[in-house]
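User: I'd like to learn how to read a few features off a model. Could you walk me through them?

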Amino acid sequence: MDRALKAARASGSLNLSNRSLSDVPSEVYRSLDAVQADEKWWEAVELQKLILGHNNIESLNEELRNLSSLTVLNVCHNKLSELPAAIGELPALKLLDVSFNSIVKIPEEIGSATSLVKFDCTSNRLKELPSALGRCLDLSDLKASNNSIASLPDELANCSKLTKLDVEGNKLTMISKNLIASWTMLTELNASKNLLNGLPENIGSLSRLIRLNIHQNKISSIPPSIMDCCSLAELYMGNNSVSTLPVEIGALSHLGTLDLHSNQLKEYPVEACKLHLLVLDLSNNSLTGLPAEMGKMTTLRKLLLTGNPIRTLRSSLVSGPTPALLKYLRSRLPENEDLEASSTRKEDVITMAARMSITSKELSLEGQGLSTVPSEVWESCELMKLDLSKNSIQELPVELSSCTSLQTLILSRNKIKDWPGAILKSLPNLVCLKLDNNPLKQIPSDGFQAVSMLQVLDLSANIGSLPEHPTFSSLPLLQELYLRRMRLPEVPSSILDLKHLRILDLSLNSIQLVPEGLKNLVSLTELDLSDNNISMLPPELSLLEPSLQVLKLDGNPLRSIRRAILDKGTKAVLKYLKDKMTE
């Protein structure tokens, strides 16, 4: 503890999470009073960040007021039943997290913490939010889900900078028009799992709203003003009592996901067929048919219709692939109808997908006929997953280096020739890279050093891309490696150093010899050696049991193992090899 406090006096940050603390050590409240002889007191700084999460703390002392420079206070996952009034004497406090406690009431004094920007009181025992919260004029992110809150205080209308509000899992019956009119900066609203009997008539005031989640309520209609939510990309209204959709919903040009499952819809309006949706969930409603105009919704990738009494379509169409259903619906349109005019331009699809990625952090532009990476990709700066597969992209732009949050990058089936080392080196969080089926030239001998954190790598069908002695040992965390159809004459020796490897796919190559060293891959669960030139297996392969669950050997001229054994599968083969070792 002394060491942690000493470090905090130097950095201004103290993290005491996960220490099984039952109370806050008194020294924390008087950090600067405990300067030791070997410290320079004039260099000590006041505490600015205090992290006490995941302990057993039952109360916070009123001495909390001593920490007047505190900007971050996190006491989530503890056993607090109340907060001290001193919380209002922290003028610099910007982030307060008291989630997952047993707090019954937030003190009105919180209104004096006027610098508050983010407040999280999720999963407590609150029946109301304090009206004084309306004095926190800089509040932009409020999370109060999973409580028993019956209404929101009118004073929250003063929080005009609010951008994210999460009140899921409460007992709200309404959200007032006054609040909606004031929250014009709101981009995300989650009021699912409440008792809402309707949406405010002025919901259209939320022109910046991107994501609206109101599923599992008692809502029977959608106000026509929804058309003015012009930024809306995701609308979740499943498990309500909606019987009709307003024709105005067709004006939501950026809407990509529309979830209306488990309502009482009897028809899908023709006007809503103007939407450029990627996902439409109409399952478990009362639809008896679909308008032919739905066939024009060419951007749809997923259309869910199960649980409807649809009589005008064959069940195989209803439950089958979406493109087939859309094609059938288009065939029912008048012949002179201009389908070209209704099909969405590529640019619209890209823009819409980029908008949806704002909340999902995932962007898929698969099969869009792209020859270059569009700027929308790096403008989505917090992107975690990017799928650019099945295009004609030849190189990655330097701007992609700014996507530092990227964890998964899928570049399969493009025309990339050069290993994008400089770009990859700028992506410190990248754990999955798929570059299969590209005309990739030889990867530099030190190429893998740029992606040392990778857990998944697919280089399949890039014939000649591996250097003579590839250094897979530069990828110590690798768990999945796919090298299909590479014309490999042997198993690269550096693969044998990958202690965390779980899946190794070397199928469709020209490998003749299986090295004994594969026995060192102790984490291996799946090994695909199918379609090679292997005539025998080393008995040492049996040492991979019991971790190895799948061993694929089809398409090899194996002579040392009888066909009857091979046909019995992995366990039988490993048992045979094990018996060979003991002979």
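Analyst: Buried means under 20% relative accessible area, exposed means over 50%, and partly exposed is in between, using a 1.4 Å probe and protein chains only. Phe 472 has 0% relative accessibility, so it counts as buried. One caution: this is a predicted model, where local features need pLDDT of at least 70 and side-chain atom pairs count only at pLDDT 80 or more, while totals for chains, interfaces and linings use all residues. Residues are numbered from 1 along each chain as its sequence is written, and side-chain values use heavy atoms, leaving out hydrogens and water.

User: Okay, how many aromatic pairs does the structure hold?

Analyst: Rings of Phe, Tyr and Trp (its six-membered ring) pair if their centres lie within 6.5 Å; planes under 30 degrees apart are stacked, over 60 edge-to-face, and the rest tilted. Here you get 2 aromatic pairs. Trp 419 and Phe 448 sit edge-to-face, 5.8 Å centre to centre with 80° between the planes. Phe 448 and Phe 472 are stacked, at 5.1 Å and 25°. Together, ring pairs join Trp 419, Phe 448 and Phe 472 into a cluster.

User: And why does Phe 448 count as buried?

Analyst: Because its relative accessibility is 3%. Trp 419 is buried as well.

User: Next, cysteines. How many disulfides does the count come to?

Analyst: A disulfide is a pair of cysteine sulfur atoms within 2.5 Å. By that rule, the count is 0 disulfides. Take Cys 159: its nearest cysteine sulfur belongs to Cys 136, 6.6 Å away. For Cys 230, the nearest is that of Cys 229, at 7.8 Å.

User: Are those two cysteines buried or exposed, or in between?

Analyst: Cys 159 is buried, as its relative accessible area is 0%. Cys 230 is partly exposed, with 43%.

User: Last one: where does Asn 55 lie?

Analyst: Strands (E, at least two residues) and helices (H or I, at least four) are DSSP runs numbered from the N terminus. Asn 55 is in the loop between strand S2 (49–51) and strand S3 (72–74). Even so, Asn 55 counts as buried, at 5% relative accessibility.

User: Which residues does Asn 55 touch?

Analyst: Contact means heavy atoms within 4.5 Å. Leaving aside residues up to four places away in sequence, Asn 55 touches Leu 16, Ser 17, Asn 18, Arg 19, Ser 20, Leu 21, His 77 and Asn 78. Its side chain also reaches the backbone oxygen of Gly 53 at 3.2 Å.

Methods
Polar contact = N/O pair within 3.5 Å; in protein donor to acceptor, adjacent residues only side chain to side chain.
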